[in-house]
Amino acid sequence: MKLIVGLGNPGSEYENTRHNIGFMAIDNYAKARNISISKEKFGGMYAIENIGRETVLLLKPQLYINLSGEVIKKFVDYYKIDINNILIVNDDLDLETGKYKLKPGGSSGGHNGLKNIEKLLKTSDYKRLKIGISNNKNIDTKDYVLGKIQKSDFEKYNQIFEIVNNIIDDFLLLDFDQLMSKYNHK
């Protein structure tokens, strides 16, 4: 089983905010593949589907992003998901809007959601797909990541989401090194 997690904050007040780019990417994937993320368990909204020869669990933790690891850990334990079969989709301040990067693990980069996941999974060796939200140094970071995405940036994100859909499909088939070679741009 593969676990694909989109990070974000629950509630309508957080819709279309930069911190919810993971939710938006997972929702876009689900819509494109005609999957309904409507089941609830362990503090998460999820769907389980067979895609090709792989069983896939799409998950949107419904605790605040800083507590995402609590929900993810429950799903990992219940379904006995191997750490190598997890892909976290999250926002990244250090990448420009419209850019993305696959990483096999590593530092949280200051992202509190990733810190919580690392703490609860007891490893930083989970795979991630980071989607750039840029960084406006003139605005407090918390206010910036919780700020609404500008209309002009939605076109960039919609283009990225098409690529994200392909990355997720290929995550189900390819070795992660092959995935990074195929999608990470120098």
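Predicted model: local features only at pLDDT ≥ 70, side-chain atom pairs only at ≥ 80, totals over all residues.
Residues are numbered from 1 along each chain as its sequence is written, and side-chain values use heavy atoms, with hydrogens and water left out. Helices (H or I, at least four residues) and strands (E, at least two) are DSSP runs, numbered from the N terminus.

**Helix α1**

- Helix α1 covers residues 21-32, and its twelve residues should span 16 Å at 1.5 Å a residue, which agrees with the 16 Å between its end C-alpha atoms. The expected span is 1.5 Å times one less than the number of residues.
- Ile21, Gly22, Phe23, Met24, Ala25, Ile26, Tyr29 and Ala30 of α1 are buried. Buried means under 20% relative accessible area, exposed over 50%, and partly exposed in between, with a 1.4 Å probe and protein chains only.
- The cover over these buried residues includes the strands β1 (2-6), β3 (44-51), β4 (54-61), β5 (86-92) and β7 (127-132), together with the helix α5 (151-171). Contact means heavy atoms within 4.5 Å.

**Packing of α1 against α5**

- The axes of α1 and α5 are 9 Å apart, and the two helices pack at an angle of about 65°. Axes are lines fitted to C-alpha atoms, for helices over the stretch in contact, and angles run from 0 to 180 degrees between N-to-C directions.
- From α1, the contact is made by Ile21, Met24, Ala25, Ile26, Asn28, Tyr29 and Ala32; from α5, the residues include Phe154, Tyr157, Phe161 and Val164.
- The residues of this contact divide into eleven nonpolar, two polar and two charged. Ala, Val, Leu, Ile, Met, Phe, Trp, Tyr, Cys and Pro count as nonpolar, Asp, Glu, Lys and Arg as charged, and the others, Gly among them, as polar.

**Strand β5**

- Seven of the seven residues of β5 are buried, so the strand is largely enclosed by the rest of the structure.
- Ile86, Ile88, Asn90 and Asp92 point one way from β5, whereas Leu87, Val89 and Asp91 point the other way.
- β5 pairs with β1 in the parallel sense over four bridges, and Gly6 stands opposite Val89. Two strands pair if DSSP finds at least two bridges between them.
- β5 and β7 also run parallel, joined by six bridges; here Leu87 stands opposite Lys127.

**Loop residues**

- Most residues other than glycine have a negative phi.
- Lys80 has a positive phi, near 55°, and counts as exposed at 70% relative accessibility.
- Lys122, in the loop between α3 (112-121) and β7, has a positive phi of about 60° although it is not a glycine. At 73% relative accessibility, Lys122 counts as exposed.
- Tyr64 is found in the loop between β4 and α2 (68-79) and counts as partly exposed because its relative accessibility is 45%.
- Leaving aside residues up to four places away in sequence, Tyr64 touches Gly8, Asn9, Pro10 and Tyr14.
- Tyr64 and Lys99 are 35 residues apart along the chain, and their C-alpha atoms are separated by 25 Å.
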